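I opened my notebook for a new structure today. I wanted the overall picture before any detail.

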Amino acid sequence: MEPLYLIKVTCMCCEQSFQTSRVRTSFKKTAKTDSDFCIHYKTVNPDYYVVRVCPFCGFSFSENFSDRLTPKHKHLYFDKLGKNWNGLDLTGERDWNEAMQTYKLALLCAQIKEEKDRVIAGLLHHIAWLYRYKENKEQEDRFLQFAMDAYVKVFETEGADVNNARLMYLIGEIHRRLGNYQKAVLWFGRVINDKKIMDSAMIRACREQWVQTREDMLAARMELPDEMKEGGS
């Protein structure tokens, strides 16, 4: 059995139907998961196939995009990107470079479409993960910063509609990965100390990363804030 299979989708921009590849569930074998939810796969990486790229007009989107494109946004897309589309076919097997190309296309399309911040944040985070797979720390950190800024916007504008505990954890964890330890501690602490939060898995994760941040600060010979000197929250 082949790891990939085809599904039929309709482009929300030019409204033509095309096929795009997905990875069969039986081939999604996890090697490890990082603390910011980046999954490393043993063989085929399903993340390479998240973005659907229309071979006719180039509009690129994921299943998280809202399914409507206004006439204004269509015009804007064709003016900025579509008029230069060269008919590239990314419907089959993808390597790392092609996967990166699809995410950056989707990011541009999401920005043109004025997609929700949470969708843009997810694309930016996935681009950071792709750079992590290649151990390109400089570009990974650059896109982690972009992703974190977008997640903060999500928290400020959509906080009531999303899993707040997971979102706060993620913002804290990206701060920790970028070396912003004081800010990481604040975000983890908000989850740990908010009595309204009942998400035990995220509370536990925040406690674990709070401890990890303390170790990071000690390793960097940084001054610990008073609440960390006793070794626990």
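**Entry: the model.** I noted that this is a predicted model.

**Entry: the whole chain.** I looked up the secondary structure of the protein chain and found seven helices and six strands. I then read along the sequence. The pattern is β-β-β-β-β-β-α-α-α-α-α-α-α. I checked the extent too: the C-alpha atoms fill a box of roughly 60 × 40 × 35 Å along the principal axes.

Entry: How much of the protein chain is buried? I found 48% of its 233 residues buried. The chain exposes about 12,600 Å². Carbon and sulfur atoms supply 48% of that area.

**Entry: contacts along the sequence.** I took the contacts with a separation of 6 or more. Residues 24 or more positions apart account for 58% of them.

**Entry: H2 and H3.** Two packed helices are described by the angle between their axes and the distance between the axes. I looked up both for H2, residues 96-113, and H3, residues 117-133. Their axes come within 10 Å and cross at roughly 160 degrees. An angle over 145 degrees counts as roughly antiparallel, so H2 is roughly antiparallel to H3. The crossing is left-handed.

**Entry: who meets whom.** Which residues of H2 meet H3? I listed Trp-96, Ala-99, Met-100, Tyr-103, Lys-104, Ala-106, Leu-107, Ala-110 and Gln-111. On the H3 side I wrote down Ile-120, Leu-123, Leu-124, His-126, Ile-127, Leu-130 and Tyr-131. I sorted the residues of this contact by type: 13 are nonpolar, two polar and one charged.

Key:
Residues numbered from 1 in each chain as written. Predicted model: local features only at pLDDT ≥ 70, side-chain atom pairs only at ≥ 80, totals over all residues. Heavy atoms only, no water. Axes fitted to C-alpha atoms, helices over the stretch in contact; angles between N-to-C directions. Helix = DSSP H or I, 4+ residues; strand = E, 2+ residues; numbered from the N terminus. Parallel < 35°, antiparallel > 145°, perpendicular 65-115°, else oblique. Left-handed = near helix turned anticlockwise from the far one by under 90°. Contact = heavy atoms within 4.5 Å. Nonpolar A, V, L, I, M, F, W, Y, C, P; charged D, E, K, R; others polar. Buried < 20%, exposed > 50% of the residue type's maximum accessible area, 1.4 Å probe, protein only. Areas by Shrake-Rupley, 256 points an atom, 1.4 Å probe, with all protein chains shown as cover.
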